[in-house]
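Please open the model in your viewer, show it as a cartoon, and keep the selection tool at hand. The tour below goes from stop to stop, saying at each one what to select and what can be found there.

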Amino acid sequence: MAVKKARIVIVGAGMAGITAANRLHSVSASKNLFEVCVVEGGNRIGGRINTSEFGGDRIEMGATWIHGIEGSPIHKIAQQIHALESDQPWECMDGNDNKATTIAEGGFVLNPSFVHPITELFNNLMDHAQGRMSTATTKGESGILSIGSFLRQGLDAYWGSSKEEKELKGFGKWSRKLLDEAIFAMHENTQRTCTSVADLLTLDYDAESEYQMFPGEEITIGKGYSSIIESLASVLPPGSVKLGRKVTRIEWQPERHEAMNMENGTRSRPVVLHFSDGSVMSADHVIVTVSLGVLKASIRDDDSGMSMFHPPLPSFKAEAISRLGFGVVNKLFMQLSPPHGTRDEHSRGFPFLQMVFHSPNSELRQKKIPWWMRRTATLCPIYNNSGVLLSWFAGEEALALESLKDEEIIKGVSDTVSCFLSHSVEFCNGNVNSEKHSQEYKVKFSKVLKSQWGTDPLFLGSYSHVAVGSSGDDFDKMAEPLPKCSSSSSSHPSASPPLQILFAGEATHRTHYSTTHGAYFSGLREANRLIQHYSSC
């Protein structure tokens, strides 16, 4: 009797899933080892990578940055396929911090010499937390629970060592201490979007130093992040990726059961996948690459009998899923309405704006600024002179953004901009220069586009982080295949078939979680795990 090829079904056609399929195919093509199929619940490949267009510009609705170009596999692929540059304008974000205009609520333009001390303080604190600065404190012995509490301790120490507070004449209701705190909060809000947390008080302190970054600059991809996925998928045989195939249930065998459903000859393969259309597929191995948000939802459904996994995941896996953090980050794109039909004439006047807000609970705040705008740090053109502006939102504000109508967003952002740019004045070394920045900005927006990762049932969020109460160990538990077996049991004739369910995705990588390259590495890891398994058989 001919030996059947091992059937490997990969759930999810994002970076991890497509990378795993690419790797398995490259081996299977020469050795004819595997039958590989990728099933994707949506109508496109890419997952949380989704390049789109808005206002004539190429934009990213999801993954945006190559985080460090030295050693990054994403950068290497982008170079190989000549995707780094493009003739079409793209979200290159060349208006960097060195060109930023920082304005405090009420229209007070802050001179860089006033902003830089707080910026330097914040960056030094984050470098310390991430292990890039020497410290006499051993990790795990700090007594600090969260990044948020560590940062606030640093700000308190800064105030304690600073000179007596000076009154700020001509600076509205702002005091020096209020301004310092608001500038610091602006950087905290940027960090919230970087880490996908609603509140930095929930981001674990001790685990932060495990996170690794590639050296070199951070850049975007001219031809779009989707070009990376498309390149990886291009080697797969036609029909390998099946769209619109949403998995609702995965049946597996933690212990061997002789009595099995005999549907369509599925008895010989230990895993059975059920789809939303009622169809069924059997497999020897399933690589699950769905988001941590989807996995969290699946374990919440255990009690109702609606869990994705049957039987439910073992406690070590479910507890790791529960402890790790998974937040919501959304991007908001807004197209400027140009005067006289000339976009560039208008957009040249719009700065790379860093916004320093009063506290959301402050009596000094301007009431017309909506609450969901108060914890976004920037509003800026996606490249110099672009008519498309971008803001990032995290946590509760990001979720609120998803439910707002376009008209509500346009009004809210327009009201915010008017509080910052209308009749703005410059503050420098205690003096107000009301002439240099006294022009009035009348900004109008014609349309908006927002991501909606939080409510999309295929994702239920954006990317993972180590929450307080979790640790890097939980990423290792996320990556552990099922069934969990010892070397002694794996050779037992009645043992359950090994490697039935494998897990990949950014939330399974201990040091590169939350990134596309982390997802890429995890896809390679699980493909290589199966290749090694069959090469040793």
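In what order do the strands of the open sheet of 4 strands lie? The order is 10-9-8-12, and the pairing is mixed, where two strands count as paired if DSSP finds at least two bridges between them. Before you go on, note that this is a predicted model, in which local features need pLDDT of at least 70 and side-chain atom pairs count only at pLDDT 80 or more, while totals for chains, interfaces and linings use all residues. Residues are numbered from 1 along each chain as its sequence is written, and side-chain values use heavy atoms, with hydrogens and water left out.

**The mixed sheet**

Select strand 10 (280-283) and strand 12 (309-310), which are the edge strands of this sheet, each pairing on one side only. Helices (H or I, at least four residues) and strands (E, at least two) are DSSP runs, numbered from the N terminus, and the protein chain has 14 helices and 22 strands.

Next, select the open sheet whose 5 strands follow the order 7-2-1-11-22 with parallel pairing; its edge strands are strand 7 (241-242) and strand 22 (501-503). Within this sheet, strand 1 (residues 6-11) and strand 2 (residues 34-39) pair in the parallel sense over 6 bridges, and Arg7 has Glu35 in strand 2 as its bridge partner.

**Helix 8 and its two partners**

Two packed helices are described by the angle between their axes and the distance between the axes. Select helix 7 (residues 292-300) and helix 8 (residues 315-323), whose axes come within 9 Å and cross at roughly 120°; the axes are lines fitted to C-alpha atoms, for helices over the stretch in contact, and angles run from 0 to 180 degrees between N-to-C directions. Helix 7 and helix 8 are therefore oblique to each other, given that angles under 35 degrees count as roughly parallel, over 145 as roughly antiparallel, 65 to 115 as roughly perpendicular and the rest as oblique. In helix 7, show Leu292, Leu295, Lys296 and Ile299, which meet Ala318, Ile321, Ser322 and Arg323 in helix 8, with contact meaning heavy atoms within 4.5 Å.

Now select helix 10 (residues 395-403), whose buried residues are Gly395, Glu397, Ala398, Ala400, Leu401 and Glu402; buried means under 20% relative accessible area, exposed over 50% and partly exposed in between (1.4 Å probe, protein chains only). Among the elements that cover these residues are helix 5 (176-195) and strand 14 (329-336).

Is Cys92 buried or partly exposed? Cys92, in the loop between helix 2 (73-80) and strand 5 (100-104), counts as partly exposed because its relative accessibility is 23%. Leaving aside neighbours within four places in sequence, Cys92 is in contact with Thr220, Ile382 and Tyr383. The C-alpha atoms of Cys92 and Gly222 are separated by 7.2 Å, although these residues are 130 residues apart along the chain.
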